[in-house]
Amino acid sequence: YGNAKWETFAPGECIFQKGQNTRLQVIAQGGCDIFDGNWRKLASVGVGDFLGVVNYLACRGDNHSHHGAFGTYSRATEATTVVTWDSELLNEKLKRDKDLRLK
């Protein structure tokens with residue numbers, strides 16, 4: 001949708017830092033590792049995988065009491081391209097388009 005932004009990251013570059021994973025993203029090319037607040041590797045993800053899903057779903061709708069990023073980090077493991085959506089604009093689009101809403 002119109003608010004999507006393409007971003008490219010070099011190997012080893014930080015995709016998001018602790019406290020900054022507040023946007024919904026999907027990996028279009030490449031991959032990354034996800035770490036906890038103590039830099040323990042939690043997962044490796046790649047093409048088609050989403051980043052920021054837990055935070056996005058926790059903050060959907062009118063209840064923003066859980067708003068805030070989770071304590072994880074992400075670093076590209078290779079040249080990586082992600083598509084990023086602004087969560088507030090995406091929520092507005094979902095409110096207007098009943099065919100896109102989560103059911």
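Which residue in E6 is the bridge partner of Val26? I looked it up, and the partner is Phe50.

**Ground rules.** I'm working on a predicted model, where local features need pLDDT of at least 70, side-chain atom pairs count only at pLDDT 80 or more, and totals for chains, interfaces and linings use all residues. Residues are numbered from 1 along each chain as its sequence is written, and side-chain values use heavy atoms, with hydrogens and water left out.

**Overall fold.** I count two helices and eight strands in the protein chain. My criterion is DSSP runs numbered from the N terminus: H or I with at least four residues for helices, E with at least two for strands. Along the sequence I read β-β-β-β-β-β-α-β-β-α. I also noted burial: 37% of the 103 residues are buried. Here buried means under 20% relative accessible area, exposed means over 50%, and partly exposed is in between, with a 1.4 Å probe and protein chains only.

**Sheet one.** I traced an open, antiparallel sheet of four strands, ordered E1-E8-E3-E6. Strand E1 (5–9) and E6 are its edge strands, each pairing on one side only. I call two strands paired if DSSP finds at least two bridges between them. E3 (residues 24–29) and E8 (residues 80–85) are antiparallel and share five bridges. Within that pairing, I find Leu24 opposite Trp85 and Val26 opposite Val83. On to E3 and E6: they run antiparallel and are joined by two bridges.

**Phe50 again.** This residue sits in strand E6 (residues 50–51). Its relative accessible area is 43%, so I log Phe50 as partly exposed. Phe50 also shows up with Val53 and Leu57 in a nonpolar surface patch of about 250 Å². Patch rule: residues need over 30% relative accessible area and no salt bridge; like charges are joined within 9 Å, and nonpolar side chains (Val, Leu, Ile, Met, Phe, Trp, Tyr) within 5 Å. The areas are Shrake-Rupley values with a 1.4 Å probe, and for residues only the protein chains shown count as cover.

**Sheet two.** I then followed another open sheet of four strands, E2-E7-E4-E5, with antiparallel pairing. E2 (14–16) and E5 (41–46) are at the edges with a single partner strand each, so one side of each has no neighbour in the sheet. On average, neighbouring strands of this sheet are turned by 30 degrees against each other, direction ignored. (Axes are lines fitted to C-alpha atoms, for helices over the stretch in contact; angles run from 0 to 180 degrees between N-to-C directions.) Between E4 (residues 31–35) and E7 (residues 73–76) I see four bridges, antiparallel. In that pair, Cys32 stands opposite Ala76.

I checked Arg75 against Glu13: 62 residues apart in sequence, yet the C-alpha atoms are 5.5 Å apart.

**Aromatics.** How many aromatic pairs does a search of the whole structure find? I get two. The rule takes rings of Phe, Tyr and Trp (its six-membered ring) with centres within 6.5 Å; planes under 30 degrees apart are stacked, over 60 edge-to-face, the rest tilted. Phe35 and Trp39 make a tilted pair, at 5.2 Å centre to centre and 50 degrees between planes. Trp39 and Tyr73 are stacked, at 4.3 Å and 25 degrees. Trp39 is in the loop between E4 and E5 and Tyr73 is in strand E7, so this pair ties together parts 34 residues apart in sequence. I log Phe35, Trp39 and Tyr73 as one aromatic cluster. Phe35 is buried at 14%, Tyr73 is buried at 14%, and Trp39 is partly exposed at 40%.

**Salt bridges.** My search of the whole structure turned up three, taking a side-chain nitrogen of Lys or Arg within 4 Å of a carboxyl oxygen of Asp or Glu.

- Lys5 and Glu7 come to 3.9 Å at the closest N and O atoms; Lys5 is partly exposed at 44%, while Glu7 is buried at 16%.
- Asp33 and Lys41 meet at 3.7 Å, N to O; Asp33 is buried at 15%, and Lys41 is exposed at 52%.
- Asp36 and Arg40 have their closest N and O atoms 2.8 Å apart; Asp36 is buried at 12%, and Arg40 is exposed at 52%.
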